[in-house]
Amino acid sequence: MKKDFITNNKVDMAEYTKALQLIEKSRYILIITHVNPDPDSIGSALALSNLFYENRIKHKVFNISSDLPQNLDFIPRFDKITDQLPAFFDLAISVDCGTYKRLGFELDPSIPLINFDHHQSNEGFGTVNIVDPMKSSTAELVFEFFKHNGLYITKNSATALYVGIYDDTLAFSLSRCDEITFEKINFLVECGASPSDIANKLLRRDSLAKYRIIPKVLDSLELYKEGEVATIFAKEEWFKQTGAHSRDCEDALDMVMSIAVVRIAFFVRVVNGTSRVSLRSKGKIDVSSIAGYFGGGGHFNAAGCTLNILDVEEVKKIVLKEVLEVYK
C-alpha cells in the first residue's frame, strides 16, 4: 500500500491475526453469505474467495438458496457460489450476518467460525469476531483484514470489495461512509476496481418487470403523522402479474425515503414464505430497535425483520402500531 490508513477500528487487532491463523491451518473453508444475500455479503465473500483461489486455499462460497441477485454476476467467481454444503469443512467464515440465524442453517459447534460483520445487532457468535457497527459495510472490515495481514488485493478482490462498500452506503450517501472509507475506496481503484464499470453494471441492468411492479408498490403508499411516517407493501399477486422478483421493488423504499417530509418508512413484502419488513429512517430515529422488537436487527437507520404472516396488509398494521409507539 502507498500509505497508512487511520482505521478508527473498534476491532481488537489481534482478531485479524487470529483469523488469518485459522485460515492458514484449515484444510477446507466454507464462506457463508446470509439469507437473501445483498451486494455487501456477496462482495465480502467473493473478495475472500478470490484471495483463497489465488493462493490455492480450498474453499466454497455458500448460500442457503440458489436464488441469488443476478446483477452481481460480473463479480469474479460469482458463478462458483453454491447452495450445496460440502461433505467436509474445518473452518467457517460468515460475512454480513447480523444474527446467527442469518446463516440459514445450524453450524456444527465444533467447527471454528470467523464472524465478519458491521451490524449493531451482532452478538459476537464467532470463535473470532471481526465486528464493528461503526463501519460502512462488512466489505470495509474485510478490507481491513487484508490490510492488517499484509495481503495483496488483486483487481478481482478489489472489485468485490468496492461493490460491497458502494452498495451498502447507498452509493456513498450514508453517514457511516467517512473520509477513511473514501481512502479505502481510492486504494481499491488503484488496485483495479473500475467505478464507472461497477456503477453501470449495478445501475443500468434493470428488468422490465421492475418498472411494472414499482408503480403498484408506490400506489400502496400511506402517510401518517403529517407525512413523517410512511408505509408501502407489495402483494404476492403483483409479482405473478408482472413477473417481478422481490428484489425488483427494493428501490421503492428509497424512493419513499427521498420524500422530504418522510422521516421513517417501512416496506412489507412476502419473501420465501414469510413477510419481510424493511425499515428506514432519517436522523436520530433508531429503527433497529423496532426491528429488534420483532426478532430482527440491523443498523440505526436501516433495519429489517420477518413475521410469519402472509397477509402483508395485516403485517403493515402490526408493525405500524409499534412504529407509532416509538415515533411519538
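**Helix 4 and its neighbours**

Mentor: Helix 2 and helix 4 make a left-handed crossing, that is, the near helix is turned anticlockwise from the far one by less than a right angle, with clockwise being right-handed. Bear in mind that this is a predicted model, where local features need pLDDT of at least 70, side-chain atom pairs count only at pLDDT 80 or more, and totals for chains, interfaces and linings use all residues. Numbering starts from 1 along each chain as its sequence is written, and side-chain values use heavy atoms, leaving out hydrogens and water.

Helices here are DSSP runs of H or I with at least four residues, strands are E runs of at least two, and both are numbered from the N terminus. Helix 2 covers residues 39-54, and its axis comes within 8 Å of that of helix 4, at a crossing angle of roughly 165°. Those axes are lines fitted to C-alpha atoms over the stretch in contact, with angles from 0 to 180 degrees between N-to-C directions. The pair is therefore roughly antiparallel (over 145 degrees; under 35 is roughly parallel, 65 to 115 roughly perpendicular, the rest oblique).

As for who touches whom (contact being heavy atoms within 4.5 Å), helix 2 brings Pro39, Asp40, Gly43, Leu46, Ala47, Asn50, Leu51 and Glu54, while helix 4 brings Asn156, Ser157, Ala160, Leu161, Val163, Gly164, Asp167 and Asp168. That makes seven nonpolar, five polar and four charged residues; Ala, Val, Leu, Ile, Met, Phe, Trp, Tyr, Cys and Pro count as nonpolar, Asp, Glu, Lys and Arg as charged, and the others, including Gly, as polar.

Now look at the other partner. Helix 4 (residues 155-168) and helix 6 (residues 195-203) have axes that come within 11 Å and cross at roughly 60°, so these two are oblique to each other. Here the crossing is right-handed. Thr159, Tyr162, Val163 and Tyr166 of helix 4 meet Pro195, Ile198, Ala199, Leu202 and Leu203 of helix 6. This contact has eight nonpolar residues, one polar and no charged.

Stepping back, the protein chain has 11 helices and 11 strands, and 53% of its 328 residues count as buried.

Conventions:
Buried means under 20% relative accessible area, exposed over 50%, partly exposed in between (1.4 Å probe, protein chains only).
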